[in-house]
Amino acid sequence: MKIPPFKEINAPDKLGYWTNKKTGETYGGQYISPLLIPNLKKVETGFKKAMKNKKFLADLEEQLVNHIGIVTPILRSKELEEIAGGEKKIGKIFLKRTDLHHDSSHKPVSAFSSVFFAKHILKAKKIITETGASMNARAVASACAKLNLSCEVHIGALDAEKVSLNKDITELYGADIKVCHDSTKSLLPAMAAALRSWQGDPTAMYVVGSVCGPHPYPLMVRTFASIIGRIAKKQMKDLIGKSPSTVFAVCGGGSNLSAISYPFYNEKSVDIFGIESAGKGIASGAHAATITSKAPIGILLGARSNVLMDADGQVDPSETEASGLDFSGTGPEICYMASTGRIKFRATTDKEAQETFLIMCKKTGILPAIEACYVIHAAIKEIKRRKNPKENHLIHLCGSGESNVGRMLKYKRNNE
Amino acid sequence: MNKTFEKIFAKAKSENRSCFVAFVTGMDPDYESSKQILIELSKYCDCIEVGVSFNTSTSDSSIIMGANDRAIKSGAKTEKIFKLIKQVKKNIESDTAFVTMGYLNQIHVYGIDRYINDCKKSGVDGCIVVDSNNEAPEDDKIFKGLTNNNMAFIKLIAPTNDSNYIKQSLKKSLSWLYIVSYAGVTGSKKVNINNVKKLTKLIRKQSKIPIGVGFGIKNYNDVKNVSKLADLVVCGSSIVEKIKEGNKKGLTNQNLAQFVGKYVRRLSEGVKN
């Protein structure tokens, strides 16, 4: 398959800000200690160079196709159509099977691209990264193993306990895993720890697992990840002759939402939905729904974006069953897109996602990542509400659920 | 230049020494103890940096992060840090300058104008904002606000910063400039004298601004060595560790202040030799 080339359609300004012209609010930027400014400038210059380097882009694409297996199928799910009320009432539902990637999630795309960039453009010898569900760690560690770079992974102590399979695989790939006991012991302090480590080692490159962090990371990660959406858009055209009516993706930091929806930003006929984790319910306060809960703008980990925090600016811990969504902020470009209303947001509770997980296993024969179940639940709800037989719906099945098996089996047995 | 810093620099010059600067996290381990510590330290310090805790800081070592956690647990809030500094200033006789040190998120949430007003009302002499990039719009606003109210904006410079970044920082530095001695987080390595030599030489070629040096200055000898090159010598992590040590021993208020004070007094003598 000939993959459509990347086209910039939503560029930030030169300081890395996306500005909502109606409200004047800015998202992004580069808020970081002066110690890291030279590192960031190096990444910024290197990234610009890489995007103009045809050989680099062609070599990267070849690796993404043959090593990551980026051209995953789009599966029409008659089972989900039935659950939503049948094709005659709601139209067709398609699943983008990103769960079939090497290392079983969308993460290997931006992770491999970033590590490939670090090796060939920046000539870095070491990669520093952080992880929540360890999907990113696993993906980065795998890329480092293949490209012969050393890999240092920071993980929150609570996440390290929660998702042992991915962490074990990360260790097998040869990464040096540093467990972070700071603050909430989850993804956020792990990200801060990774940044601090990079501050002490300017010869390394920091790889962000999501579309977050200081400029140019949000731009770079979504640019690399958007190959998923470019392929999906072409596949939908081949399947139905046009773009879908809706695109649904789950949103923690926002990388898999960016990945699939970016190429559709300018297509007004496509409704884009980002689905957050409502945890135990938005009203309970125990959730990870930054946008849905209308979290205020803060300056978190180097960028202006919506942040779950208290009145004094201390970042509140997010709470969700899905480690991959357990993040107190959302990437700046996504926050900007939410502010303009281009991406609409919904939230699914942990309980609803867990029930969807069991339905997916039993009715579709697919083992989805728990993260993907938040989006499937919300998508079915929205599709039922729209009740339009002419519509075609695209859902991003962003990962496979091997690492959720233990907890989900326990959940199933406790609820039977 | 801010008036308090003018006085401090004149005094140090007349005594033929550098200035000694201590960093402590405000309200570590609690409000009252922190107040006593600051009062005690003011006897030995020309300037005290008071840390405004942020639970997601990106440049602090686990030592400072631990202090932040202790302070937040004891109820540290931006407003209370201003109250703390105001009370301390009322209770001291020295001309010690007080500087807040923190991250932009706290200031953004508090409101930049309100933060600057409260700095002024509390007798704060200057601010360090670790993650305020020279190019950020907020940085310009803070610089203007502080300058219009005769307070110092103290910019950080790292050994890895290029000449353009240094030039931008110099433009906003009207009282003194803070050099970070190595690439790393606070207190994680030993002070790098070679970096300090190179950077001070480079800056002194372009400006007469007093230069402070921090990161990795952990004992009397470090203070002594750095004071030969710098106008201000900053100690942080080792003092914060001393607070933790005293606190673990069960010391509070005056007792803790004296325990920490004894240590800081010895450190501060490094600038006099």
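Arg304(A) forms a salt bridge with Glu25(A), and their closest N and O atoms are 2.6 Å apart; a salt bridge here requires a side-chain nitrogen of Lys or Arg within 4 Å of a carboxyl oxygen of Asp or Glu. Arg304(A) belongs to strand β12 (residues 303-306) of chain A, whereas Glu25(A) sits in the loop between β1 (17-19) and β2 (26-28) of chain A, so the pair ties together parts that are 279 residues apart in sequence. Helices (H or I, at least four residues) and strands (E, at least two) are DSSP runs, numbered from the N terminus. Over all chains, the structure holds 42 salt bridges.

The model is predicted: local features need pLDDT of at least 70 and side-chain atom pairs count only at pLDDT 80 or more, while totals for chains, interfaces and linings use all residues. Residues are numbered from 1 along each chain as its sequence is written, chains are lettered from A and ligands numbered from 1 in the order in which they are written, and side-chain values use heavy atoms, with hydrogens and water left out.

The backbone of chain A has two local features to note. Leu301(A), a residue other than glycine, has a positive phi near 50 degrees, and Leu301(A) lies in the loop between β11 and β12 of chain A. The peptide bond from His215(A) to Pro216(A) is cis, with omega near 15 degrees; Pro216(A) is in the loop between β8 (205-207) and α10 (217-225) of chain A. In chain B, a cis peptide bond joins Asp28(B) and Pro29(B), with omega about 0 degrees. Pro29(B) is located in the loop between β1 (19-25) and α2 (31-41) of chain B.

The next topic is the interface. The size of an interface is often given as the accessible area lost when the parts come together. Between chain A and chain B, about 2,900 Å² is buried, and carbon and sulfur atoms give 54% of this area; buried area is the accessible area (1.4 Å probe) that two parts lose on being put together, summed over both. The contact (heavy atoms within 4.5 Å) takes 32 residues from chain A and 39 residues from chain B. Two salt bridges are found across this interface. In one of them, the side chains of Glu135(B) and Lys41(A) meet at 3.5 Å, N to O. On the side of chain A that touches chain B, the elements giving two or more residues are α1 (37-52), α9 (187-199) and β11 (297-300) of chain A. Of these, α9(A) gives the most, with five residues.

A search of the whole structure finds seven cavities of 30 Å³ or more. On a 1 Å grid over the protein atoms alone, a cavity is a set of points where a 1.4 Å probe fits but cannot get out, and lining residues have an atom within 4 Å of a point. Grid points are joined across faces, edges and corners, and a volume is the space filled by probe spheres set on the points. The largest cavity has a volume of about 360 Å³. Its lining comprises 32 residues, of which His106(A), Lys107(A), Gly209(A), Ser255(A) and Gly324(A) lie nearest its centre. The largest share of this lining, three residues, comes from α12(A).

Definitions and conventions:
On a 1 Å grid over the protein atoms alone, a cavity is a set of points where a 1.4 Å probe fits but cannot get out, and a pocket is an open set with protein on both sides within 12 Å along at least five of seven lines; lining residues have an atom within 4 Å of a point.
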